Amino acid sequence: MLILSAAFDTIDHQILFDRLEYSFGVTGDALLWLQSYLMNRTQRVAIGSVQSDDIKLDFGVPQGSVLGPKLYCIFAKPVGEICRRHGMSYHSYVDDTQVYQIIRPQGDLCDLSKRLEKCLSDIGDWMSVNMLKLNEDKTELIIFAPKHQIKHLSDLRLTFDGTLLSDVSCVKNLGMYFDKTISMEHQASAITKAFFFTKFGILVEFNL
């Protein structure tokens with residue numbers, strides 16, 4: 001589970017324009033339109049009635065915009081190419097990316113861990129060159145397996161940029177909790193808690 005820090009705010013405009021032109025064939029008026037959308041943007045900080053000077057933005061895409069997620073996906077296209085080069089599968093939803101591999105019954109865990117480490121290392125290097133920051137502290141490793149095989153597979157460890165990634169028991173991905181055996185107990189518990197919290201809040205509101 002790869003987590004980035006401030007992904008939308010760190011996209012280099014010139015790298016994005018080059019990728020649009022040379023990787024996706026966006027040229028002419030279409031490219032100029034996208035350039036005009038991103039260039040000459042400014043931001044300022046306001047505290048009460050006091051405002052800072054305008055600062056020109058040479059990085060980032062507007063969050064909450066229709067184009068923001070699409071432009072980020074275009075920018076990060078090489079991440080998928082790196083995964084495929086190492087024989088890894090991947091899922092991406094904007095800046096949330098999961099790199100995964102199926103473990104065969106007679107598979108070599110040592111070989112798998114080495115390939116995963118090399119894949120993560122290459123992704124980290126690519127992100128450094130492209131002005132993105134992969135958050136090693138929040139990157140997680142989880143192994144899904146039947147209960148009787150969990151103990152056997154729990155020794156898998158990955159080293160990523162000097163950080164040891166140990167197998168965790170549960171992860172949260174796009175708002176859903178996934179535990180090691182896909183029992184969905186954590187997800188059901190979270191939904192139940194949210195339901196009772198909302199119900200209690202409504203009752204209190206009516207009592208007022």
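**Burial, rings and helix packing in a predicted model**

Colleague: Is Y72 buried or exposed?

Modeller: The relative accessible area of Y72 is 2%. Buried means under 20%, exposed over 50% and partly exposed in between, with a 1.4 Å probe and protein chains only. Y72 is therefore buried.

Colleague: What pLDDT do local features need here?

Modeller: Residues are numbered from 1 along each chain as its sequence is written, and side-chain values use heavy atoms, leaving out hydrogens and water. In this predicted model, totals for chains, interfaces and linings use all residues, side-chain atom pairs count only at pLDDT 80 or more, and local features need pLDDT of at least 70.

Colleague: How many aromatic pairs are there, and how is the pair of F8 and Y72 classed?

Modeller: Rings of Phe, Tyr and Trp (its six-membered ring) pair if their centres lie within 6.5 Å; planes under 30 degrees apart count as stacked, over 60 as edge-to-face and the rest as tilted. By this rule the count is two aromatic pairs. The ring centres of F8 and Y72 are 5.8 Å apart with planes at 15 degrees, so this pair is stacked.

Colleague: Where in the chain do F8 and Y72 lie, and how many residues separate them?

Modeller: Helices (H or I, at least four residues) and strands (E, at least two) are DSSP runs, numbered from the N terminus. F8 belongs to the segment before helix 1 (13-22) and Y72 to helix 3 (residues 67-75), so the pair links distant parts of the chain. F8 is buried as well, at a relative accessible area of 12%. The separation of F8 and Y72 is 64 residues.

Colleague: Which arginine lies over the face of F75, and which sits over the ring of Y37?

Modeller: A charge sits over a ring if NZ of Lys or CZ of Arg is within 6 Å of the ring centre and within 35 degrees of the ring normal. At F75, 5.2 Å from the ring centre, the residue is R19. At Y37, with its charged end 4.8 Å from the centre, the residue is R41.

Colleague: How are helix 4 and helix 5 oriented, roughly parallel or roughly antiparallel?

Modeller: Axes are lines fitted to C-alpha atoms, for helices over the stretch in contact, and angles run from 0 to 180 degrees between N-to-C directions. Angles under 35 degrees count as roughly parallel, over 145 as roughly antiparallel, 65 to 115 as roughly perpendicular and the rest as oblique. The axes of helix 4 (residues 77-85) and helix 5 (residues 109-129) come within 9 Å and cross at roughly 155 degrees. Helix 4 and helix 5 are therefore roughly antiparallel.

Colleague: Which residues of helix 5 make the contact with helix 4?

Modeller: Contact means heavy atoms within 4.5 Å. Helix 4 contributes P78, V79, I82, C83 and R85. From helix 5 come C119, D122, I123, W126 and M127.

Colleague: What is the handedness of the crossing of helix 1 and helix 2?

Modeller: The axes of helix 1 and helix 2 (residues 28-38) come within 11 Å and cross at roughly 165 degrees, which means that the two are roughly antiparallel. H13, L16, F17, L20 and E21 in helix 1 meet L31, L34, Q35 and L38 in helix 2. A crossing is left-handed if the near helix is turned anticlockwise from the far one by less than a right angle, and right-handed if clockwise. For helix 1 and helix 2 the crossing is right-handed.
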